[in-house]
Amino acid sequence: MRWTVVAATLLTSACAANPPPEGLLVPPATMAAADEAAPAPEAMPAPVAAPDYPAVTYPAARRGDTVDTQFGVAVADPYRWLENDVRTDADVAAWVTAQNQATNAVLDKLPLRDAFKKRMTALYDYERFGIPRKRGGHYFYTHNTGLQNQSVLFVRDGLDGEGRVLIDPNGWSADGATALAEWTPSEDGKLLAYSVQDGGTDWRTVKVMDTATGSIRSDDLKWLKYTGSVAWAKDGSGFYYSRFPAPKEGKAFQQSTLNNRIYFHKLGMPQSSDRLVYSTPGEPKLLHSAEVTDDGRWLVIYTSEAGDENDIHVLDLAKRGAKPRAIFTGLKNQWYGIGNDGSRFFFQTNKDAPLKQIMAVDVTAPAITPATVIGEAKQTLDGASLIGGKIITTYLVDAKSEARVHDLDGQLLSTVPLPGIGTATGFGGRADDPETFFSFTSFNRPATVYRFDTASGSESAWASPKLTFDPEAITVEQRFYTSKDGTKVPLFLVRKKGTSGPAPTLLYGYGGFNISLTPSFNPANIAWVEQGGVYALANLRGGGEYGDPWHDAGRLANKQNVFDDFIAAGEYLKANGIAAPKGLAAIGRSNGGLLVGAVVNQRPDLFDAVSPGVGVMDMLRFDQFTAGRFWVDDYGYPSKDADFRALYAYSPYHNIKGGRAYPPLIAVTADTDDRVVPGHSFKYIAALQNADAGPAPHLIRIETRAGHGSGKPITKIIDEYADVYAFLGYYTGLK
């Protein structure tokens, strides 16, 4: 079993790696290592320069007189009114409509738009499977025939049984924007708890299905957020879950979420009668989640606040009236449970191990004394699970996966034979069942799901896609470049086989929240590469590729390192003849949107087109909305003097400078984004459009009935990528 914990960052795992929809994971890639001392590639003619910029009349945005004085600094916020909810503020709604009209007038004339949409539609149209979960001899998994807006949940009776549909969310809404989110089968597989996500919001509604008949029970739970997963009691009588109090009327999409609590829901009873299991009324900012161990004996409670560090409490479910026992407290370290052998619990942790290790503790002992089972390695421990009486670990080696098998004393037994160089995910299952599944991903092949037997060490493909392109026509290589302070940073390059000269290049980055960017498949990027472009991904500091030191080097007062790394990547791409002289585009989402906004302020001359997506653009007010309070561990507190000054120095909204030319820019956001509220992008683009920022178009694309990324229907994904890539391609000379 691999227990889950709600990531306290809650900025986005969904948007960290330029994500595809669920299930798009990949097999092998051909990857040649190189470093920056490699010889320059053979020169080729530069692409044709983009035509003149179109004349754009930007919608009027009234300037208010709001000024906040913070630590003696007068901070103007003239577009504060654009923070208001588009659903309830008529002025904001009118501004959004006018912005989309102005943007579409430009997009409609882009010559690559239709070609990208057609090719991306073909590339997305392939069969794909999610990693199966086994309960009571039943195998639950998602499946998509290709262009279904939402994947369908299936179940098989037995490994090779005939799959039958359990839940098809594609009929839930006319626009395909109501999604099946989290789902959890009961221990015997007879019941299924599943959550519904509407319009991309983080809010979830949980329902319960009888898997034999498909009938929906009366259970209906609301106000779950950041996790729609539940933890079933062993006997199937009900489940544990966490939720928030109902938000104030009209504030569901902007209000900061407080007073999270864990409840037990007994099947057939109204939510109002659910039993409170755990809460921290004196500390309303804490976030809780719970898991039941495979043996059904223990409830493991995770508590976090504003970072990766978390506390652990354990409740003995076999003892009537027992109270949760504190195991690890103080929010000092990361503790991710991977399973238990009786009262001996195994955790992945960064305690005394910046690259992480596995420790075990007896939760019934008078004193809690964790002992090392698998010590810190030279590579970053990325994940671990307890399967079939063995511990499976995955490590990141320069942002690429390796998988290993150990016994419960930590002795290395074998390695998992991965099918190539890329990213391995999964390895879930039961502690007493040797069968597990994993998916393998890279840049140039979509997902294959593999079955692995820990007893025999054998593996076999469980579900393989039929490809809609030739993966051998795409090459992947990894290089290393030098950042401003001399740090070596990894860089992946994806392009057509046999090409080496300068070409329009998409540079993607994230650099935050301990999130590692590893090889993953995205059909949109294949379309870009097929068109003659290069896709580049930089593993910036702030991520987790090299453990806590890499993360710490890119957060709080060190955040400028992230921007320096990205700028250095752009300079490397141009200096080494990879990007065309006028052909470098920058793209990022969420924390990556902040990245793009910051670097284009600092180096508008370096980038030839940019797209910040769903970005955190106002660094002085991010903590006042929805999940923003969880981000202070990476960004700092705007209410603290030193943090304020660091944030103010790079905040994209506050550092737009007139009197110089900004490159063509298309920001992206969505009206139902309650992770990074759209007011961030609204204010940013209003300020940029009203600055003396040169003749290039500075646009915003605002999606309706969509959120931060998860649950977005395929049609909306394709439309967005076609628009953004056509824009970036046009202004970088992509033919």
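Before you click anything, one term: a residue is buried when its relative accessible area is under 20%, exposed when over 50% and partly exposed in between, using a 1.4 Å probe and protein chains only. What you have open is a predicted model, where local features need pLDDT of at least 70 and side-chain atom pairs count only at pLDDT 80 or more, while totals for chains, interfaces and linings use all residues. Residues are numbered from 1 along each chain as its sequence is written, and side-chain values use heavy atoms, with hydrogens and water left out.

**Stop 1: Glu477**

Select Glu477, which sits in strand E33, residues 474-482. (Strands, E, are DSSP runs of at least two residues, helices, H or I, of at least four, and both are numbered from the N terminus.) Its relative accessibility is 16%, so Glu477 counts as buried. Now show side chains: that of Glu477 makes a polar contact with the side chain of Arg495, at 3.0 Å. Such a contact is a pair of N or O atoms within 3.5 Å; within protein, one must be able to donate a hydrogen and the other to accept it, and residues adjacent in sequence count only if both atoms are side-chain atoms.

**Stop 2: Ile391**

Next, pick Ile391 in strand E26, residues 390-397. Ile391 has 0% relative accessibility, so it is buried. Leaving aside neighbours within four places in sequence, its contacts (heavy atoms within 4.5 Å) include Ile338, Phe346, Val373 and Leu408.

**Stop 3**

Two strands pair if DSSP finds at least two bridges between them. Zoom in on E17 and E18 (residues 298-304), an antiparallel pair joined by 6 bridges; Ala290 stands opposite Ile301 in E18.

**Stop 3: helices H5 and H6**

Finish with H5 (residues 559-575) and H6 (residues 591-602), whose axes come within 10 Å and cross at roughly 70°. Axes are lines fitted to C-alpha atoms, for helices over the stretch in contact, and angles run from 0 to 180 degrees between N-to-C directions. Among the residues making the contact are Phe563 and Phe566 of H5 and Leu594 and Leu595 of H6.
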